[in-house]
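Open the structure in your viewer and keep the sequence panel beside it. The tour below goes from one selection to the next and says what is there.

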Amino acid sequence: MYPNYTFVNVKRVKLPKGWVMLGVDLLHEFHDLKQKQILDDSFLVCGMQERFGKLDVQCCNAPLVVERLISEFSIQAESTCQDCGYFLAVLHKRNNWVRVLCADCALKSNYRLMTSNSNLTHRPR
Ligand SMILES: [Zn+2]
């Protein structure tokens, strides 16, 4: 499912299914940069996963352009449902598990909105 680029130094990229397209797009972007010879052979992707509701990408010898791409994609992931890929998602919580979910998927899997968000709108006067 993921492109088999030589710079991907990960046994298996494993992202939640709603984020797979993001991961694939990011790898394509890296590939483009290699084609344009902006990235050399020392560049490697050493890890790509979801951690605590965030997209976590580790690279070796990543120039600034890669850092920027990763932060762009991470910001996009912060509002992309991990389950269905819908773009109107926010952090939800169940016990100690944190996931980025849309309202429908949160309801289905019994996750609740993170309280830190609602504190902002219901601050006592
Ligand atoms: Zn969803």
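Select asparagine 110 to begin. With 9 C-beta neighbours inside 10 Å, asparagine 110 counts as exposed; a residue is exposed if 12 or fewer other C-beta atoms lie within 10 Å of its own, buried if there are 20 or more, and partly exposed in between, with C-beta atoms placed from the backbone. This is a predicted model, in which local features need pLDDT of at least 70 and side-chain atom pairs count only at pLDDT 80 or more, while totals for chains, interfaces and linings use all residues. Residues are numbered from 1 along each chain as its sequence is written.

Asparagine 110 lies in the loop between H3 and S5; helices (H or I, at least four residues) and strands (E, at least two) are DSSP runs, numbered from the N terminus. Check the backbone here: the phi of asparagine 110 is positive, about 65°, although the residue is not a glycine. Most residues other than glycine have a negative phi.

The hairpin of S3 and S4 has two residues between the strands. Asparagine 95 is exposed, with 7 other C-beta atoms within 10 Å.

Now display the strands on both sides of that turn. Strand S3 covers residues 90-94, and five bridges join S3 to S4 in an antiparallel arrangement. Select valine 90 and look across to S4, where its bridge partner is leucine 101. In which order do the three strands of the open sheet lie? The order is S4-S3-S5, with antiparallel pairing. S4 and strand S5 (112-113) are at the edges with a single partner strand each, so one side of each has no neighbour in the sheet. Strands of a sheet pair through backbone hydrogen bonds.

Move to the other hairpin, made by S1 and S2. Seven bridges join S1 to S2, and the two run antiparallel. Select methionine 48 and find valine 57, its bridge partner in S2. At the turn, where two residues lie between the strands, phenylalanine 52 takes a positive phi near 50°.

Colour by domain next. The protein chain is divided into domain 1 (1-78) and domain 2 (84-125); these bounds come from an automatic or database domain assignment. The centres of domain 1 and domain 2, taken over C-alpha atoms, are 26 Å apart. Six residues from domain 1 and six residues from domain 2 take part in the contact between them, where two residues are in contact if their C-beta atoms, placed from the backbone, lie within 7 Å.

The largest nonpolar core has 24 residues, and Val57, Cys81, Leu101 and Cys102 touch the most other members; a nonpolar core is a set of buried Ala, Val, Leu, Ile, Met, Phe, Trp, Tyr and Cys residues joined through C-beta atoms within 7 Å. Among the elements that each supply at least two residues of this core are helix H1 (20-35), strand S1 (44-51), strand S2 (54-60) and strand S4 (97-101). Which element gives the most? H2 does, with four residues. Domain 1 (1-78) and domain 2 (84-125) both give residues to this core, so it lies between them.

Select cysteine 81. Apart from its neighbours within four places in sequence, cysteine 81 is in contact with Gly18, Tyr86, Ala89, Val100, Leu101, Cys102 and Cys105.

Finally, zoom out to the whole chain. There are four helices and five strands, following the pattern α-β-β-α-β-β-α-β-α along the sequence. The C-alpha trace spans about 55 × 30 × 20 Å along its principal axes. Of the 125 residues, 26% are buried. Among contacts between residues at least 6 apart in sequence, 40% join residues at least 24 apart.

How values were computed
Two strands pair if DSSP finds at least two bridges between them.
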